[in-house]
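Thanks for coming. I will take a few minutes on one model, starting with a definition and then going through the parts in turn.

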Amino acid sequence: DFERKWWKEAVIYQIYPRSFQDSDGDGIGDLKGICSRLDYLKDLGIDAIWLSPVYDSPNDDNGYDIRDYYAIMKEFGTMEDFDNLLEEVHKRGMKLIMDLVINHTSDEHEWFKKALEGSEKYKDYYHFADNKDGNPPNNWTSFFSGPAWNYYDKLDAWALHLFSKKQMDLNWENPDLRRDVIAMIKWWLDKGVDGFRLDVINYISKKEGLPDGNELIGQLMGYYGVEHYFYGPKLHDYLKEIKKEAFEPYNAFTVGETPGIGMEMSKLLTAAYRKELDMIFSFDHLETPGHSKFDDYLYDLNYYKEYMIDWMENYYKDNCWMSLFFENHDNPRMISKVNPDPAYRKALGKLLAMMQLTLKGTPFIYQGQEIGAVNRDFKSIDDLRDVESINLYNELKVSVGEEAAFKKVLCGSRDHSRTPMQWDASENAGFTTGTPWIGICGDYKNINVEAELKDEDSILNFYRKLIRLRKENEAFVYGDIKILDKKKKNVFTYIRSSKDSTFLIECNLCQYPVKRSTNKYKSKQLILSNYNDISDILRPYEANLYRIV
Ligand code: TEU
């Protein structure tokens with residue numbers, strides 16, 4: 001009874017352009033490099049590509065600080081290269097989703113430069129506040145350490161930045177700003193892009209007057225002021241306006257990145273009748289409760305099971321559709337989060353693929369996940385590049401010293417997922433002929449696309465088989481899901497069924513053998529497993545997919 005949409009059926013692949021494929025030897029990935037790898041993605045079974053930002057940027061936050069929405073970052077190539085990439089993607093029957101960063105711009109954007117020159121019109125494109133007593137206007141803190149305000153002595157005023165000091169928050173209250181953003185979105189849609197991932201889109205509406213953040217919430221969340229903007233008063237108004245003015249006329253796909261948004265709010269953002277967004281990324285499943293991203297702990301997949309039971313049974317009721325992801329450019333590699341012991345990498349990598357590609361929702365595969373990439377063995381802070389990691393290190397080392405600060409940052413550093421894609425065992429893993437902008441994972445000699453394509457039993461070939469199975473069996477897309485043995489720890493067993501086929505998936509969520517669940521499905525045929533034989537117990541991270549005949 002679901003409305004059929006291409007984005008419900010698609011397997012989507014996220015590319016972090018800086019680290020995917022370099023074509024001109026400058027050590028930085030680029031658009032031509034991506035073009036040279038499209039056949040690899042087509043062969044993997046990818047239907048749509050989400051490109052992290054490629055717009056002109058000073059790269060304080062690797063492109064999430066946009067200086068010119070209408071130009072391509074020079075390190076990535078030219079607008080002609082972009083047009084060619086879009087054409088080549090479409091030629092292969094794939095779609096291209098752009099990353100739309102409209103909560104903030106770079107402080108080098110022309111709007112902000114005009115504001116600094118005193119233009120009242122453009123000051124109102126941002127959150128400026130006159131200086132009163134030499135202190136920031138409120139107690140809000142940045143996600144990248146320190147106060148969320150820059151002071152500009154020429155204007156004797158402060159300006160808000162929730163992220164880095166060079167990422168200045170836009171004032172969405174301003175209809176002129178909204179009009180300029182909508183015009184820009186339509187300019188990209190006129191070029192033929194198929195949709196957008198909207199960066200921290202739930203932050204765009206701030207509480208009137210930007211009041212101080214509650215002390216207790218600030219301590220709990222680790223950031224002050226979040227309650228005043230994570231689900232702001234006019235968020236739905238702004239989303240309905242962009243949908244009506246830009247996305248709907250072009251039938252453009254949208255997935256909102258919405259940190260902190262819970263299930264009920266997500267329904268208000270994505271239910272079809274709401275005409276706001278098609279999907280959202282919720283992040284609550286990425287950390288087990290009581291843990292922050294920078295804690296030194298192993299992620300328990302039993303929490304993922306609990307989380308998915310809740311969402312699978314409640315989210316779809318209201319005609320909403322889930323995104324399914326384990327990794328992106330903001331998080332460490334999932335295999336390393338669950339169990340860094342190399343003995344389990346292969347089984348665990350396939351288990352994650354099995355769940356992501358057979359649960360109900362649209363899978364977003366992050367570059368490298370398909371070859372079982374793991375965290376990087378960074379040796380010192382000089383190896384890191386991410387503004388969030390470096391700022392946190394500088395903040396922590398004052399109180400806990402350099403070694404402890406580095407250790408804590410490594411637990412959650414975004415750089416783990418930003419090391420170059422590992423294509424083959426040649427120098428620099430085939431990513432560049434130059435010096436890579438960030439170090440390559442030491443294990444690229446045996447963890448690389450070329451080696452895994454040749455190995456029938458590799459994680460990559462497991463993904464390819466699973467993606468093909470998804471395409472051949474509608475049960476994995478629109479089919480119902482029924483979760484069995486909900487209370488049984490370490491076992492995650494569920495049924496996917498449609499009118500013409502039924503599948504049973506059974507997983508062992510831990511590194512110890514467990515008794516398989518006693519389910520009544522006797523007449524089943526094993527069609528895919530991460531263990532190549534049958535035993536009467538489920539081995540560490542065992543994942544089996546059966547057809548019920
Ligand atoms: O991420 C916002 C966000 O939720 C993360 O920055 C998160 O707060 C942080 O990583 C927690 O450790 C988006 C982009 O995905 C991210 O790359 C950008 O840095 C950020 O917005 C600002 O544009």
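I call a residue buried under 20% relative accessible area, exposed over 50%, and partly exposed in between, with a 1.4 Å probe and protein chains only. This is a predicted model, in which local features need pLDDT of at least 70 and side-chain atom pairs count only at pLDDT 80 or more, while totals for chains, interfaces and linings use all residues. Residues are numbered from 1 along each chain as its sequence is written, and side-chain values use heavy atoms, with hydrogens and water left out.

First, the division into domains, whose bounds come from an automatic or database domain assignment. Domain 1 takes in 6-104 + 173-376 + 418-464, domain 2 is 110-168, domain 3 is 379-412 and domain 4 is 480-548. Over C-alpha atoms, the centres of domain 3 and domain 4 are separated by 41 Å.

Next, helix α4. Helices here are DSSP runs of H or I with at least four residues, strands are runs of E with at least two, and both are numbered from the N terminus. Helix α4 covers residues 79-91, which is 13 residues, and spans 18 Å from first C-alpha to last, close to the 18 Å expected at 1.5 Å a residue. That expected span is 1.5 Å times one less than the number of residues. Which residues of α4 are buried? They are M79, D81, F82, L85, L86, E88 and V89. In general, an α-helix has 3.6 residues a turn, so residues three or four places apart point the same way. Contact means heavy atoms within 4.5 Å. The buried residues of α4 pack against α2 (31-35), α3 (38-44), β2 (48-51), β4 (68-72), β5 (95-100) and α7 (175-191). Just after α4, G93 has a positive phi of about 70 degrees.

Now salt bridges. The rule is a side-chain nitrogen of Lys or Arg within 4 Å of a carboxyl oxygen of Asp or Glu, and by this rule there are 54 salt bridges. One of them joins the side chains of K32 and D81, at 3.6 Å from N to O. K32 lies in helix α2 and D81 in helix α4, so this pair ties together parts 49 residues apart in sequence. K32 is exposed at 52%, whereas D81 is buried at 15%.

Another pairs K240 with E276, with the closest N and O atoms 2.9 Å apart. Since K240 is in helix α9 (residues 235-250) and E276 in the loop between α10 and β13 (279-281), the pair ties together parts 36 residues apart in sequence. K240 is partly exposed, at 33%, and E276 is buried, at 1%.

E388 lies in helix α14 (residues 387-400) and R414 in the loop between α15 (402-412) and α16 (449-454), so parts 26 residues apart in sequence are tied together. E388 is buried at 8%, and R414 is buried at 6%. Through shared partners, salt bridges join D61, K293, D330, D386, E388, R414 and R418 into one network.

Last, T270, which is found in helix α10 (residues 263-270). Is T270 buried or exposed? T270 counts as buried because its relative accessibility is 4%. Not counting residues up to four places away in sequence, T270 touches L277, D278, M279, I280, Y315, N319 and C320.
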